[in-house]
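Thanks for asking me to look this one over. Here are my notes, point by point, to read alongside the model.

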Amino acid sequence: MLEKPIYFNEMGMDGAVRPPYAGLDTWAANMPEEFRNTKQSEAEALFRRIGITFAVYGEGGDPDRLIPFDMFPRIFAADEWRKLDLGVKQRAKALNAFLLDVYGRGEIVKAGKIPGRLVYQNEAYEKAVVGIKPPRGVYSHIVGVDLVRTGPDEFFVLEDNCRTPSGVSYMLENREIMMRMFPQLFRQNRIAPVENYPALLRRTLDSVAPEKCEGAPTVAILTPGHFNSAYYEHSFLADMMGVALVEGQDLFVKGDFCYMRTTEGPKKVDVIYRRIDDAYIDPLCFRPDSMLGVPGLMNVYRSGGVAIASAPGAGVADDKAIYTFVPEMIRFYLGEEPILNNVPTWQCGKPDDLKYVLENLKDLVVKEVHGSGGYGMLVGPRSTKEQIDIFYAKIVENPGNYIAQPTLALSTCPTFVEEGIAPRHVDLRPYCLVGENIELVPGGLTRVALTEGSLVVNSSQGGGVKDTWVMAE
Amino acid sequence: MRLQVNHRTSYTFDPPMRGVAQSLRLWPSLFDGQAVLDWHVDIEGAIRGANFRDGAGDLIETATFLGSVETVVIDVRGTVETTDLSGVLRGHREKVPPLAYVRRGPFTYASNAIRELAQKAVAGAGNPLGQAHALAEAVGEAIAYTPGETDAKTTASEALEAGRGVCQDHAHTLVAAAICLDIPARYVTGYLHAEGGIAEASHAWAEIYVPDLGWVGFDASNQVCPDERYIRLGSGFDSIDAAPIRGVSQGRGTESMSVDVTVLDANQQ
């Protein structure tokens with residue numbers, strides 16, 4: 001029999017309330033049920049009105065379903081955040097150094113720190129951008145680092161997202177809605193602001209304009225269109241930054257530059273924050289059948305006429321097989337010890353690791369190397385024997401496609417549920433911006449597994465979101 | 001050998017189409033086996049720009065057209081002094097790590113038949129250079145040079161199954177056979193001056209990475225390594241990635257293309 005693991009409750013264990021949550025316990029406990037229900041419907045109405053919904057791939061049902069919002073905030077003390085802030089920035093810096101290196105001289109491979117085949121044979125490694133140095137040498141301008149907590153001082157990085165991490169609109173909207181509904185909480189507590197994120201993102205994008213850009217850069221967000229699950233976020237960020245939201249057909253290439261069609265005629269675009277995958281960005285360079293991209297864009301990019309964020313090819317840094325080597329990158333490029341730890345990871349492609357994984361499937365979490373969104377994932381302790389057997393067969397068939405990690409005892413945070421207030425497991429995704437400077441707004445997206453005992457926080461798997469507070473110093 | 005190239009590609013759009021955009025890879029590679037004496041690429045009505053040399057050493061340029069377009073004519077003319085290096089791409093400046101080519105693509109995915117052919121070919125073939133020769137020989141034997149049996153969309157696996165094909169099929173199959181053994185290989189385009197034998201003035205072959213030698217060309221169609229009769233333009237994963245002219249257009253009309261290429265020995269003019 002497995003012993004029931006003891007989870008770290010962020011509000012406090014054994015009745016003692018930890019400082020950042022002081023006052024929130026009584027706030028929640030004293031909230032009359034009726035008031036709470038009113039507030040909950042108010043929150044839902046607000047979310048509906050602003051139109052923030054999350055369509056989920058491959059699940060059918062209502063594509064405009066709301067992602068559940070929990071009113072109980074998730075809170076970090078200032079000193080807790082200081083460590084996360086340093087750790088996340090360190091990681092973002094190392095990941096970018098890695099990208100610049102593997103599309104350049106490949107020193108880390110030559111030094112034998114990372115096997116060349118993992119990097120260069122990786123699906124996400126783009127031959128087309130080898131030797132191309134993006135402005136300021138930055139490939140991943142927005143790094144979303146998924147973190148979990150297992151104890152007062154124990155944080156682990158679950159994965160890095162170097163391409164186009166989504167969810168930052170939830171960080172901003174959750175805060176907005178909490179402030180509207182509970183203004184007194186924001187008077188009573190000194191909570192660090194996150195509202196300046198769009199301004200920082202804009203500044204970051206401006207700072208990576210190519211050398212050929214003269215004057216103030218023109219920035220645009222390139223979206224695959226309204227059918228994309230994160231379309232709301234694309235239009236939200238465009239609004240907040242005061243930049244154009246465009247689809248591939250709105251852009252065209254002429255000579256050395258890329259232009260967008262506007263009512264006042266063509267306008268040169270200097271920085272494109274793209275929310276479409278590499279494969280679809282330009283049919284003249286990648287998938288020839290792509291209708292979403294801009295023909296010739298990659299040639300303009302590679303000849304220095306436009307900046308693309310994230311830079312094509314950035315995905316090789318957030319691959320789950322590369323993840324294992326991030327601590328090594330930090331040592332190699334920065335000469336520092338990692339501030340945040342990785343989760344121990346077994347590569348099923350390695351025979352010894354494979355043997356261990358197959359023998360211990362019931363205790364492990366298994367993920368596809370290229371999977372995301374909680375699909376194609378096995379949580380051993382929460383799976384039936386049948387589910388485990390199916391995964392066993394899948395792993396044996398293509399071991400290189402899987403990695404495994406121990407089932408982490410994710411911390412819990414108090415959450416409003418049917419019966420009142422109960423602990424539910426949470427994770428955190430802060431959004432680190434990399435341009436001229438490296439910036440991190442104090443906060444992020446906290447996802448919460450609303451089902452009792454569940455450790456899967458993905459919104460596609462029934463997870464919800466919370467406002468994330470960092471107490472001001 | 002001093003080779004003189006005249007290469008005209010004409011596209012006709014019916015009805016005329018908008019948004020015509022092309023990425024061109026039409027300039028001879030710079031390496032010890034080729035010296036470019038003169039080279040011109042002319043396209044009437046095109047707006048050209050965004051040119052650069054990519055990590056694989058190819059010069060790339062973009063051509064777009066304003067409004068709707070009925071015809072596009074790309075004229076390539078030039079003279080190149082070539083030297084026989086037995087296929088070795090000596091002195092070629094490039095930055096792409098050879099391992100980056102070891103990945104399966106839509107054209108170069110290895111069927112069981114390709115895998116078997118590859119394994120059989122390299123068994124007992126000795127060192128990497130010997131293995132590369134054996135692969136090229138096996139592919140040339142397995143696919144008989146037969147124009148008209150395959151088309152631009154034929155994959156390596158399909159070509160091997162048919163047992164017939166043209167230079168594109170030989171090159172795809174050779175690349176597929178090599179990379180399924182984790183040997184870096186790529187698709188190469190260029191020109192061939194041919195007198196007798198298999199005559200495709202606009203030609204394709206494969207390069208295989210051989211430690212100590214670097215990239216070495218293998219033309220399975222002609223069972224030779226490229227010599228002074230060959231002019232190399234560029235490379236890629238497959239025929240689309242390496243295409244000398246890669247284009248798109250918007251519209252529902254039909255596109256027809258005609259190609260006219262001559263590669264002459266300038267000293268016999």
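**Notes on the two chains**

1. Let's start in chain B: B:Gly190 has B:His203, in strand 9 of chain B, as its bridge partner. Strand 8 (residues 185-192) and strand 9 of chain B run antiparallel and are joined by seven bridges. Strands here are DSSP runs of E with at least two residues, helices are runs of H or I with at least four, and both are numbered from the N terminus; two strands pair if DSSP finds at least two bridges between them.

2. Before going on, some ground rules: this is a predicted model, where local features need pLDDT of at least 70 and side-chain atom pairs count only at pLDDT 80 or more, while totals for chains, interfaces and linings use all residues. Residues are numbered from 1 along each chain as its sequence is written, chains are lettered from A and ligands numbered from 1 in the order in which they are written, and side-chain values use heavy atoms, with hydrogens and water left out.

3. On its other pairing, strand 9 of chain B is joined by five bridges to strand 10 (residues 214-218) of chain B, again antiparallel. B:Val210 pairs with B:Gly214 there. The two strands make a hairpin with three residues between them, and B:Asp212 in the turn has a positive phi of about 80 degrees. Strand 9 (residues 202-210) of chain B has seven of its nine residues buried, so it is largely enclosed by the rest of the structure. Buried means under 20% relative accessible area, exposed over 50%, and partly exposed in between (1.4 Å probe, protein chains only).

4. What does B:Thr150 touch, beyond its neighbours within four places in sequence? The contacts are B:Arg164, B:Gly165, B:Val166 and B:Asp169, where contact means heavy atoms within 4.5 Å. B:Thr150 sits in the loop between strand 6 (144-145) and helix 3 (156-162) of chain B, and is buried at 17% relative accessibility. Its side chain makes a polar contact of 2.5 Å with that of B:Asp169. (A polar contact is a pair of N or O atoms within 3.5 Å; within protein, one must be able to donate a hydrogen and the other to accept it, and residues adjacent in sequence count only if both atoms are side-chain atoms.)

5. Over in chain A, have a look at A:Phe98 and A:Val119, which have the most contacts inside the largest nonpolar core, a set of 88 residues. Such a core is made of buried Ala, Val, Leu, Ile, Met, Phe, Trp, Tyr and Cys residues joined through side-chain atoms within 4.5 Å. Helix 3 (residues 78-102) of chain A gives the most to this core, nine residues. A second, separate core has 58 residues, including A:Leu46 and A:Val219.

6. Chain A also has an open sheet of four strands, in the order 12-15-13-14 with antiparallel pairing. Strand 12 (346-347) and strand 14 (377-379) of chain A are at the edges with a single partner strand each, so one side of each has no neighbour in the sheet. Two bridges join strand 12 to strand 15 (residues 402-406) of chain A, and A:Trp346 stands opposite A:Ala404.

7. Finally, the interface: 26 residues of chain A are in contact with 32 of chain B. The buried area is about 2300 Å², with 61% from carbon and sulfur atoms; that is the accessible area (1.4 Å probe) that two parts lose on being put together, summed over both. On the chain A side, A:Gln121, A:Lys127 and A:Leu284 lose the most area to chain B, together 31% of what that side buries.
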